[in-house]
Amino acid sequence: MEDRFARDRHIARLWSLVRKNTRSVAGQMFLMQVALVVLLVAFAVFALVLQSQRHTDAEAKRRSIAVAQTFAHSPGILSALQAPHPSKILQPLTEAGRKSAGVDFVVVMDTKGIRYTHPLPDRIGKRFVGKIEPSLAGKVYTESVHGPLGQEVQATVPIRNARGQVVALVSAGLKVKNVTGLVERQIPIILTAGAVALGAATAATVLVSRRLRRQTHSLAPNEMARMYQHHDTVLHSVREGVLIVNDEGRLLLANDEARRLLELPPEAEGQHVSQMPSLEPEMMSLLSSGREANDEVHLAGPRLLVVNQRLTDRGGGPKGTVVTLRDSTELRAVSGRAEVTGERLKLLYDAGLGIGTTLDVVRTADELARIAVPRFADFVTVDLADAVLHGEEPASTAKGMRRVAVCGIRDDQPLYEKGRLIDFLPSTPQARGYGTGRSELVPDLSTAEGWHLQDPERAGQIVDYGIHSLITAPIQARGVVLGMANFWRSEEHDPFDEEELSLAEELVARAAVSIDNARRYTREHALAVTLQRSLLPRGLPEQSALDVGYRYLPAQSGVSGDWFDVIPLPGSRVALVVGDVVGHGLHAAATMGRLRTAVHNFSTLDLPPDELLSHLDDLVGRIDQDEAGTDSPAGVVGATCLYAIYDPTTRRCTVARAGHLAPALVHLDGQVTFLDLPPGPPLGLGGMPFQAAELEIAEGSQLVLYTDGLIEDRNRDLDEGMELLRKALAGQPERAPEESCRAVLAALLPERPADDVALLIARTHALPPDRIAEWDVQPDPAAVAGVRAMATDKLDEWGLSELGFSTELVLSELVTNAVRYGCGPIHMRLIHDRALICEVTDGSSTSPHLRYATTTDEGGRGLFLVSQLTERWGTRYTPQGKVIWAEQALPKP
């Protein structure tokens with residue numbers, strides 16, 4: 001029992017030691033390194049085993065192929081195969097070859113796989129286990145199969161006669177267990193090598209871990225991190241300066257308070273105390289002496305410091321001293337400092353209220369300048385990187401700076417004027433501050449040589465004018481320097497000092513965020529407008545039915561969802577589209593792009609306006625359902641659209657609308673009317689059908705489509721806006737659509753429209769009757785010949801004889817389909833426009849489909865020929881039936 005208790009105590013002590021060691025940095029490093037070494041050795045052993053096995057398998061395959069090929073090309077093999085009993089001759093030979101070659105079997109077989117030889121005699125005459133087709137094709141084939149001897153790796157080669165024909169096959173190979181036996185014999189060697197490597201690596205790891213344990217005093221990582229955090233917090237948060245100087249007199253450490261009290265430069269650490277010009281001689285002598293000091297008073301510029309100095313090697317540490325500094329300078333007059341502080345706080349408060357009232361970069365910079373004059377500076381100039389004005393990222397150097405604000409107590413100052421583009425030289429305080437991100441104080445401009453190099457003549461004028469000191473502070477937000485704010489003082493005030501430098505930095509910091517917000521807004525607004533413009537048509541398609549003028553103006557408050565389109569349709573017809581998605585922002589613009597694309601897709605189906613709007617309404621409803629429950633803005637309910645189709649051959653216009661304003665029509669006599677169209681609900685509401693209206697428009701009339709941003713305004717109602725539109729259009733029917741667009745926008749839009757505007761004005765044309773040929777066709781196959789003859793005569797009349805052959809083929813197929821599969825009445829029409837259009841109308845609603853006929857089919861190739869001979873073809877449905885059309889390009893003159 002006592003032995004058991006002693007053993008338990010020993011195990012507990014070991015476990016406690018392991019836990020203690022693993023808590024330390026050294027222990028954790030040791031465990032991590034040992035684990036890493038074990039993994040590396042394991043992977044190495046695994047890789048060696050795989051490589052050894054791969055090499056063994058490859059060696060087995062090579063040996064099998066070599067034995068089989070040697071036996072296949074051995075002398076007498078062909079004569080033995082031709083003997084009455086090949087097995088009697090070949091069996092002894094294969095057994096002798098198998099034993100001498102070190103393989104497990106050598107099998108000779110005929111081209112059907114029947115064995116002549118085998119190590120097991122009872123297997124002779126039976127079919128070979130394996131794949132012989134590749135070898136019958138003359139190839140060497142290796143594989144792994146389950147044969148009579150077990151799992152085998154075998155190679156099969158062909159035996160050829162004098163004419164190169166395959167007359168028999170030879171297969172040689174090894175059993176898999178013999179192959180793996182070679183690998184197993186190599187594993188002890190591999191594992192021994194791995195164990196040696198693991199032992200060596202572990203020993204090296206132990207040495208490194210012991211050294212690390214001594215250096216970290218066996219502290220855990222969290223304990224070390226907490227110690228350094230406490231050290232850093234205490235060092236830089238105390239109101240006393242702390243210095244550490246080594247025994248050679250070099251400064252090793254200085255906290256923030258010591259830097260402030262002694263005015264040490266940023267690179268002071270590492271320098272010898274005798275090389276710091278800011279130190280007084282007595283202070284320099286004390287720090288260099290290494291002696292102890294108790295509450296000694298020394299001068300440091302205008303300050304009186306209480307200094308204590310102690311040696312650092314009392315506890316066995318490195319030699320040197322630690323110094324503490326405490327400012328004991330008497331406070332200045334409390335009333336005067338309180339007054340100055342109050343004024344500065346009031347200035348900062350006013351800056352917080354007066355800077356950044358708009359999202360305009362130039363306006364914000366001007367507000368900064370006006371706040372600081374004359375309460376802080378006599379003159380203020382603000383220079384921003386030119387890219388910032390366009391919402392882009394600023395450059396890395398102070399070149400291309402645009403002066404965006406100039407404000408001062410007088411207007412005759414000689415500073416660079418507003419709007420000037422300036423490239424600051426690297427020697428100027430502006431360039432240095434822009435590059436480093438730190439403010440620059442120039443107390444005496446008359447002696448600042450680097451500043452004079454920028455423009456010597458103007459620098460002389462500035463000094464002669466009485467401007468004597470400068471603070472240039474970088475306008476920095478989110479880690480990016482956007483520009484520089486320059487504060488100038490003249491003879492009316494004392495030069496700037498260090499305290500005022502901090503005030504300038506605080507003042508500029510309040511403006512920097514507002515300027516950066518304005519820059520980002522400018523960039524995002526430009527991107528949004530660019531996106532919206534990319535979703536709108538960049539040019540109008542070629543067509544003969546309409547002369548079109550258009551305008552699109554984005555809103556000042558942001559992008560919206562207004563759009564328009566001019567879409568050519570078959571039969572020389574043209575579709576006019578105007579739509580509006582309620583709301584502003586990228587979501588409205590992106591939704592507009594989706595609806596515009598949908599209208600284009602639906603228009604390719606050649607749907608009537610009311611049916612197209614019904615499909616578009618269903619699409620908007622599905623979009624709303626998809627976006628329900630997501631983080632995206634709520635739906636697109638409220639989108640409106642107007643769709644009109646104009647046919648120049650009949651001068652008929654079919655119009656339907658979904659919640660959109662009715663278009664205006666400018667008649668030939670100059671009168672303006674708004675079309676009386678059936679109302680329709682906005683897209684996405686569903687539940688109500690759309691209705692279309694058809695009207696005849698005289699040639700030369702103007703159809704005006706627009707969005708509500710043109711006529712609606714917060715200062716006028718809808719009726720007043722429509723009356724203004726009527727007056728802007730009336731009285732000048734001969735005016736071109738482009739001129740009408742300019743006149744309408746000038747008459748109706750304010751200087752900064754609150755909503756975006758889409759305006760589309762189209763003057764109608766009619767296709768001349770001599771460019772249209774129409775015939776009624778009898779529902780008889782014999783009528784096709786007459787149709788071809790009439791069409792040929794008309795093409796000759798139009799000077800399009802080159803298209804005669806292809807047109808005859810096209811019309812023959814279309815008319816034959818109408819006669820055979822359609823129903824009367826059948827009508828044919830040729831239109832000579834920008835293309836030659838062939839149309840065949842019948843009373844059936846069955847549409848033909850293009851298919852690829854097989855060689856045994858008697859028909860089915862007609863539409864394939866039509867598609868090959870024409871640029872495009874298709875079908876559109878009418879209330880009376882359908883129209884099958886095809887377009888051919890006109891020959892080049």
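**Fold, packing and salt bridges of the predicted model**

Of the 893 residues of the protein, 45% count as buried. The structure described here is a predicted model. Its secondary structure comes to 22 helices and 30 strands.

Just after H9, glycine 290 adopts a positive phi of about 80°.

Side chains of opposite charge can pair when their charged atoms come close. The structure holds 34 salt bridges. In one of them, arginine 523 pairs with glutamate 393, with the closest N and O atoms 3.4 Å apart. Arginine 523 belongs to helix H15 (residues 498-535), whereas glutamate 393 sits in the loop between strand S10 (379-385) and strand S11 (401-408), so the pair ties together parts that are 130 residues apart in sequence. Both partners are partly exposed, arginine 523 with a relative accessible area of 24% and glutamate 393 with 44%. The two also take part in a network of salt bridges that links Glu393, Arg478, Asp516, Arg519, Arg520 and Arg523.

A further salt bridge joins arginine 652 to glutamate 696, the closest N and O atoms again being 3.4 Å apart. This pair links distant parts of the chain, with arginine 652 in strand S20 (residues 652-658) and glutamate 696 in strand S23 (residues 692-696), 44 residues apart. Arginine 652 is partly exposed at 28% relative accessible area, and glutamate 696 is partly exposed at 46%. Arginine 410 forms a salt bridge with aspartate 412, where the closest N and O atoms are 3.8 Å apart. Here arginine 410 is partly exposed at 29% relative accessibility, while aspartate 412 is exposed at 52%.

As for cysteines, a search of the whole structure finds 0 disulfides. Cysteine 641 is buried at 0% relative accessibility, and cysteine 653 is buried at 1%.

The surface has features of its own. Phe805, Leu809, Leu865 and Leu869 make a nonpolar surface patch of about 380 Å². Helix H21 (804-821) and helix H22 (862-869) are the elements that give two or more residues to the nonpolar patch. Leucine 809, placed in helix H21, is partly exposed with a relative accessible area of 36%. Elsewhere, histidine 73 lies in the loop between helix H2 (25-72) and helix H3 (77-82). Histidine 73 counts as exposed at 64% relative accessibility. Its C-alpha is 7.2 Å from that of isoleucine 159, although histidine 73 and isoleucine 159 are 86 residues apart in sequence.

Definitions and conventions. Residues numbered from 1 in each chain as written. Predicted model: local features only at pLDDT ≥ 70, side-chain atom pairs only at ≥ 80, totals over all residues. Heavy atoms only, no water. Patch = residues over 30% accessible without salt bridge, like charges linked within 9 Å, V, L, I, M, F, W, Y side chains within 5 Å. Areas by Shrake-Rupley, 256 points an atom, 1.4 Å probe, with all protein chains shown as cover. Salt bridge = Lys/Arg side-chain N within 4 Å of Asp/Glu carboxyl O. Helix = DSSP H or I, 4+ residues; strand = E, 2+ residues; numbered from the N terminus. Buried < 20%, exposed > 50% of the residue type's maximum accessible area, 1.4 Å probe, protein only. Disulfide = S-S within 2.5 Å.
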